Amino acid sequence: MLLVQERVQFLKNLNSTLKTLSLTTTTLLIIFITSIIIMVFNVLVSINKKTFATMLALGYSRSEIAFTNALTSLILVALPSVAGYLGGFFSQYWFTDIFSDY
């Protein structure tokens, strides 16, 4: 009877650990994506300074130019990152099936 109680306790601890790990991984992913978006945005600004000056001279506002670059940074960074995260999340079931026979 003691063996069953130990297994139940182990599974509760494992479930708690996995929830904590999932939350930590998601938080780190958000921090990682945000920092890469900022870096890509800074690189885009430094490369396109003349283009931005021309756009300002043509009457575009700073917020319009910033929004365009933020959107570009988001597309270049966030979408592939989220796609990779989701791909790994769903492929875990295939890998766990390998161990289901044991």
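Trainee: Where is the kink in α3 centred?
Mentor: The kink in α3 is centred on Ile75 and amounts to about 30 degrees. Please keep in mind that this is a predicted model.

Trainee: What span does α3 reach from its first C-alpha to its last?
Mentor: With 37 residues, α3 reaches 54 Å between those two atoms, which is close to the 54 Å expected at 1.5 Å a residue.

Trainee: And which residues of α3 are buried?
Mentor: The buried residues of α3 are Ile65, Asn69, Ser73, Val77, Ala78, Ser81 and Ser91.

Trainee: Let us turn to the rings. How many aromatic pairs does the structure hold?
Mentor: It holds two aromatic pairs. Phe89 and Phe90 form an edge-to-face pair, at 5.2 Å centre to centre and with 75 degrees between the planes. Phe89 also pairs edge-to-face with Tyr93, at 6.1 Å centre to centre and with 80 degrees between the planes.

Trainee: Why is the pair of Phe89 and Tyr93 called edge-to-face?
Mentor: The planes of Phe89 and Tyr93 are 80 degrees apart, and a pair counts as edge-to-face because its angle is over 60.

Trainee: Where do Phe89 and Tyr93 lie?
Mentor: Both lie in helix α3, residues 62–98, and they are four residues apart, about one turn of the helix. Together, Phe89, Phe90 and Tyr93 form one aromatic cluster.

Trainee: Why does Phe89 count as partly exposed?
Mentor: Phe89 has 37% relative accessibility, and partly exposed covers values between the 20% limit for buried and the 50% limit for exposed. Tyr93 is likewise partly exposed, because its relative accessibility is 45%.

Trainee: Now for the pockets. Which residues line the largest pocket?
Mentor: Its lining consists of Leu18, Leu21, Ser22, Thr25, Tyr85, Phe89 and Gln92. The space in this pocket is about 180 Å³.

Trainee: Which helix gives the most to that lining?
Mentor: That is α1, with four residues. Both α1, residues 2–47, and α3 supply at least two residues each.

Trainee: One more region, please. Where is Ala53 found?
Mentor: Ala53 is in helix α2, which covers residues 49–57. It is partly exposed, with a relative accessible area of 45%. Ala53 and Phe10 are 43 residues apart in sequence, and their C-alpha atoms are 62 Å apart in space.

Trainee: And Gly59, is it buried or exposed?
Mentor: Gly59 counts as exposed because its relative accessibility is 60%, where exposed requires over 50%. This glycine is found in the loop between α2 and α3. Its C-alpha atom is separated by 32 Å from that of Ile33, and Gly59 and Ile33 are 26 residues apart along the chain.

Key:
Residues are numbered from 1 along each chain as its sequence is written. This is a predicted model: local features need pLDDT of at least 70, side-chain atom pairs count only at pLDDT 80 or more; totals for chains, interfaces and linings use all residues. Side-chain values use heavy atoms; hydrogens and water are left out. Rings of Phe, Tyr and Trp (its six-membered ring) pair if their centres lie within 6.5 Å; planes under 30 degrees apart count as stacked, over 60 as edge-to-face and the rest as tilted. Buried means under 20% relative accessible area, exposed over 50%, partly exposed in between (1.4 Å probe, protein chains only). On a 1 Å grid over the protein atoms alone, a cavity is a set of points where a 1.4 Å probe fits but cannot get out, and a pocket is an open set with protein on both sides within 12 Å along at least five of seven lines; lining residues have an atom within 4 Å of a point. Grid points are joined across faces, edges and corners, and a volume is the space filled by probe spheres set on the points. The expected span of a helix is 1.5 Å times one less than its number of residues. The bend at a residue is the angle between axes fitted to the seven residues ending there and the seven starting there.
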